[in-house]
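Please view the sequence and model first.

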Amino acid sequence: MRVVALISGGKDSCYNMMQCVAAGHQIVALANLRPAENTGQTDELDSYMYQTVGHHAIDLYADALDLPLYRGFIKGTSVNTGRVYTTCQEDEVEDLYHLMKLVKDKEGVEGVSVGAILSDYQRVRVEDVCRRLNLQPLAYLWRRKQEILLKEIISSNIQAIIIKVAAFGLDPDKHLGKTLDQMEPDLLELSEKYGVHVCGEGGEYETFTLDCPLFKKKIVVDSAKVVVHSADAFAPVAYLHFLKLHLENKGDSSGTFMVSSCSCELSCDDDDIFPSSEEDEPQKNILVLWKSLKHNTLDFTKMFGSSGKSPSGYQWFSGITAHFLPSKGKNAQEAAREAFSSLRASMTSEGLQLKDIILVHLYMKSMKDFNVINSVYVTQFDLCPPARVCVETLLPDGVLFCIDCLTHKYDIATDDVLRDEKLVMHVQSISHWAPASIGPYSQSIKVGDVLYCAGQIALVPCTMQLISGGICTEAIVSLRHVERVLEAMSQKTALHHVITASCYVTDSKHIPIAHSIWQKKLRECKKIKTAQRRNYSAKCAIRC
């Protein structure tokens with residue numbers, strides 16, 4: 001797709017451009033936001049969103065890439081700082097929106113290259129802008145392990161220098177102007193000693209790229225001065241202000257394009273997938289909760305119901321059914337809307353709203369109807385949709401889909417304790433991390449100490465295509481996605497903390513294999529987490 005790259009001049013936005021090109025996308029334009037001229041802060045702006053140090057050299061950066069550059073001014077401030085961003089005209093995010101709209105109108109771009117690694121604050125806001133403009137964010141560095149990522153950036157022939165330091169152990173006199181490969185040993189040592197983010201994700205340092213394989217020419221710094229922003233005795237803050245730079249032609253061998261192989265694809269030996277010892281053998285006498293929908297034994301006109309509300313505020317609603325008989329003149333969208341109207345009415349009678357739903361099980365008669373059903377589903381929820389499990393299964397004639405959903409809401413009349421905030425993970429960027437949530441669902445929702453995870457299938461994250469290799473490979477990749485989502489929601493959470501899990505298979509013969517891989521993953525978790533004393537073994541309920 002045609003892509004505009006958000007650039008700061010730093011290593012991350014540059015390397016993500018290289019990742020976009022390696023994935024087959026075309027960088028057609030660059031975009032950058034700089035401090036407004038009337039702020040009096042011409043070098044470094046105190047912004048939650050944007051790196052502005054080094055922005056005076058961005059025009060030369062664009063010339064080196066030989067790409068059109070679109071620039072805007074940062075007129076707003078960080079007004080809406082919540083976990084979920086909603087439009088606020090005084091916020092600096094709106095400056096990005098207007099700039100992206102201009103680029104889309106002028107260049108016809110479909111995607112946006114974003115160098116975010118760990119900041120949910122930045123990711124959420126860029127994704128909001130992209131959602132409003134119908135653009136696909138591409139964040140191939142998202143949640144990569146920083147030690148590995150830094151080595152990749154250095155080995156990819158990106159020549160970047162440190163232009164700002166702001167952390168204990170980083171000395172302006174010693175480290176400003178150093179290249180990344182010169183700094184790598186120091187950064188790894190500081191990470192080990194003090195927890196410094198190796199890639200600077202905590203604001204410890206900023207970089208400026210002087211050359212990379214995408215550059216047609218390289219940037220040369222003729223002169224610069226050190227500006228001390230804060231002369232703190234332990235963690236001084238200082239940056240380089242470029243005084244003079246110029247472009248130079250590159251040698252024939254200096255532009256070698258090197259990007260590490262995609263980490264999304266599963267590369268494993270037979271021993272990694274298939275049982276290699278007796279304890280890894282699929283067990284024939286395993287405890288499995290087997291459920292198979294036999295539509296001739298179910299009366300879908302009498303299945304709807306709800307549980308009572310638990311003391312902690314949870315309540316199930318089950319059997320919400322969309323009846324669809326084309327012969328009666330009703331189309332699928334109308335059937336879906338009627339089902340949600342029925343759900344809404346039932347929830348209202350219990351003092352609940354659709355926004356109180358945290359988990360949905362959507363059982364469909366045919367995936368061919370998915371787009372139609374989804375077009376109605378998406379209108380029912382706001383920016384924080386519930387986690388969702390969607391499967392095709394046997395349903396009676398005339399039933400389009402059936403929904404079970406879990407809700408949560410505290411009883412104001414009886415709840416005197418401090419309420420736990422509902423946290424939502426809704427990553428929409430294409431990356432190498434886990435499949436993007438490109439539909440109306442969240443990857444995970446956390447209420448109190450409990451995580452609810454959306455269904456995961458074995459999609460290759462960077463292509464969003466189903467991986468090849470059969471049940472073994474699919475099981476491993478699906479569990480890897482679950483692991484990464486859990487870890488992103490709560491850093492110390494792993495598969496062995498799972499209380500209950502449901503695995504949907506297309507054939508009962510896959511159950512022993514799926515169970516074997518699940519048990520093998522649990523054993524791996526135990527080895528890695530030996531320091532943890534508590535172990536929650538998952539009960540694997542397999543349904544088909």
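## Terms and model

Strands are DSSP runs of E with at least two residues, numbered from the N terminus. Two strands pair if DSSP finds at least two bridges between them.

This is a predicted model: local features need pLDDT of at least 70, side-chain atom pairs count only at pLDDT 80 or more, and totals for chains, interfaces and linings use all residues. Residues are numbered from 1 along each chain as its sequence is written, and side-chain values use heavy atoms, without hydrogens and water.

Lysine 422 faces valine 447 of β16 across the pairing. β15 and β16 (residues 444-447) run antiparallel, with four bridges between them.

The open sheet has three strands, in the order β15-β16-β17, with antiparallel pairing.

## Around β9

Twelve bridges link β8 and β9 in the antiparallel sense. Lysine 225 has histidine 241 in β9 as its bridge partner. The hairpin from β8 to β9 passes through six residues.

β9 also pairs with β6 (residues 159-165), antiparallel, through two bridges. Here lysine 164 lies opposite tyrosine 239 of β9.

## Phenylalanine 234

The loop between β8 (217-230) and β9 (237-249) holds phenylalanine 234. Is this residue buried or exposed? Phenylalanine 234 is exposed, at 62% relative accessible area. The cut-offs are under 20% for buried and over 50% for exposed, with partly exposed in between (1.4 Å probe, protein chains only).
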